[in-house]
Structures are given as structure tokens and as C-alpha cells.
Amino acid sequence: MDHSAHHTDQHSGQHGDHSHHAHHSGHAPGASWSMAVKATLHCLTGCAIGEILGMVIGTALGWGNVQTMVLAITLAFLFGYSFTLFAVRRAGLDLKSAIKVALAADTVSIAVMELVDNAIIALTPGAMDAHLDDGLFWSALLGGFAVAFVITTPVNKWMIGRGKGHAVVHAYH
């Protein structure tokens with residue numbers, strides 16, 4: 001470990017300036033799986049609420065598959081971002097800064113989750129035409145969420161370990 005960034009000025013007895021990178025390079029490398037799982041569960045919660053709501057609304061209104069999926073994905077992003085947005089606003093961030101944090105924290109995670117989940121639904125025979133009272137609808141949706149969780153967790157671990165993604169929210173907890 002290189003401690004040269006934390007040198008003491010021999011004349012003043014004060015610590016010298018050090019870069020942001022040097023400060024963080026002394027911490028444990030990467031992120032824990034526990035941290036990644038928590039970030040992914042946070043993302044999954046918002047995505048699931050938005051996506052299920054979108055599917056219910058689209059189906060109730062008799063919309064086609066494309067319109068319903070677009071609504072579901074849009075609401076998944078909206079709810080996913082809103083969870084982070086409310087948390088960092090509660091911590092005292094102004095709205096503009098809170099939006100920037102939410103976008104930085106959640107965009108990749110939500111995008112990966114939605115891509116995987118919706119690909120599974122689209123590729124499951126009959127799932128796109130299944131109704132809300134059909135077990136195939138729910139098994140494809142929940143199965144898609146499960147697979148998306150498994151794929152998104154290592155993505156979040158990698159991003160958090162590099163100070164990206166959900167790591168940007170940790171300063172406000």
C-alpha cells in the first residue's frame with residue numbers, strides 16, 4: 001500500500017494535500033457481495049413495482065404488447081430512480097443534485113435488470129400473450145426478475161468497487 005499521499009510536511013507538521021484517488025486507494029479493494037446484493041435488491045424493488053404496475057395498467061387498458069412493455073419499462077426506471085431520489089432528498093440534497101445522484105447510482109443497474117427481465121419474458125413462449133390471471137405470466141415475470149437479479153448483482157459489485165453505481169449513494173446514508 002502506498003502511503004506517500006499522506007505524507008507529513010516536515011516544516012509545518014501538517015498533512016500535505018492528497019488526491020481523491022490516492023485517498024481511496026488505501027481502502028479495501030472492490031465491494032462486498034453483501035453490498036452488491038443490497039444495491040441489487042434496492043434496484044429490483046423499484047423495477048418490480050414499476051414493471052408490474054405497467055403490465056397491470058397496459059393489460060387493463062387493453063394495450064398491445066409493445067405499448068405495455070414500454071409503459072412497464074418506463075415505470076420501472078421511474079420507480080427505481082424514485083427510491084434513490086427520495087432517500088438522498090431525505091438526507092438533505094437539493095433536487096438537482098439528488099437527480100444527478102439517482103441517475104449515476106441506478107441507470108446501469110436498472111438498464112441491465114430491465115434488459116434481462118424483458119428478454120426472458122419476450123423469449124418465454126406464450127408469456128407475452130398471457131393475461132394477469134395466468135400462471136405463465138407470473139412465472140415468466142418472476143423468473144425474469146430472478147435471473148436479472150443474478151446477472152445484475154455482479155455488475156453492481158463491479159461498479160461499486162470502482163466508486164460508481166450505488167457507491168455514489170453511500171455518502172448520503
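This report describes a predicted model of one protein chain, from its overall make-up to single residues.

## Basis of the model

Residues are numbered from 1 along the chain as its sequence is written. Local features need pLDDT of at least 70 and side-chain atom pairs count only at pLDDT 80 or more, while totals for chains, interfaces and linings use all residues; side-chain values use heavy atoms, with hydrogens and water left out.

The average pLDDT of the chain (the predictor's confidence in each residue, from 0 to 100) is 83, and 82% of the residues score at least 70. Residues 1-28 have a pLDDT below 50, and this stretch makes 18 contacts in the model beyond near neighbours in sequence. A contact means heavy atoms within 4.5 Å. Where pLDDT is low, the predicted coordinates should not be read in detail.

## Overall make-up

The chain has 5 helices and 0 strands, in the order α-α-α-α-α from the N terminus. Helices (H or I, at least four residues) and strands (E, at least two) are DSSP runs, numbered from the N terminus.

Of the 173 residues, 35% are buried. Buried means under 20% relative accessible area, exposed means over 50%, and partly exposed lies in between (1.4 Å probe, protein chains only). Among contacts between residues at least 6 apart in sequence, 66% join residues at least 24 apart.

## Annotated spans

An unreviewed UniProt entry carries the annotation "transmembrane region" for residues 41-63, 69-89, 101-123 and 135-155. UniProt positions are given in the numbering used here, feature names are shortened, and annotations may be inferred rather than shown by experiment.

In the model, residues 41-63 are 87% helix and 0% strand, and the end C-alpha atoms of this span lie 29 Å apart. Residues 135-155 are 100% helix and 0% strand, with end C-alpha atoms 30 Å apart.

## The nonpolar core

A nonpolar core is a set of buried Ala, Val, Leu, Ile, Met, Phe, Trp, Tyr and Cys residues joined through side-chain atoms within 4.5 Å. The largest one here has 29 residues, and Cys47, Val88 and Met113 have the most contacts inside it. Two or more residues of this core come from each of helix 2 (33-60), helix 3 (65-90), helix 4 and helix 5 (135-161). Helix 4 gives the largest share, 9 residues.

Leaving aside neighbours within four places in sequence, Cys47 touches Ala76, Ile110, Met113, Glu114 and Phe145.

## Residues in helix 4

Asp117 belongs to helix 4 (residues 95-123). Asp117 is buried but has no salt bridge, and the nearest side chain of opposite charge, Lys157, is 24 Å away. A salt bridge is a side-chain nitrogen of Lys or Arg within 4 Å of a carboxyl oxygen of Asp or Glu; Lys and Arg count as positive and Asp and Glu as negative, while His and the chain ends are not counted. Beyond four places in sequence, the contacts of Asp117 are Glu51, Leu141, Gly144, Phe145 and Ala148.

Leu123 also lies in helix 4. Leu123 counts as exposed because its relative accessible area is 70%. Leu123 and Ala140 are 17 residues apart in sequence, and their C-alpha atoms are 9.3 Å apart.

## Residues in helix 3

Thr68 is part of helix 3. With a relative accessible area of 6%, Thr68 is buried. Apart from neighbours within four places in sequence, Thr68 is in contact with Gly54, Met55, Gly58, Thr59 and Trp63.

Ala87 is in helix 3 and is partly exposed because its relative accessibility is 22%.
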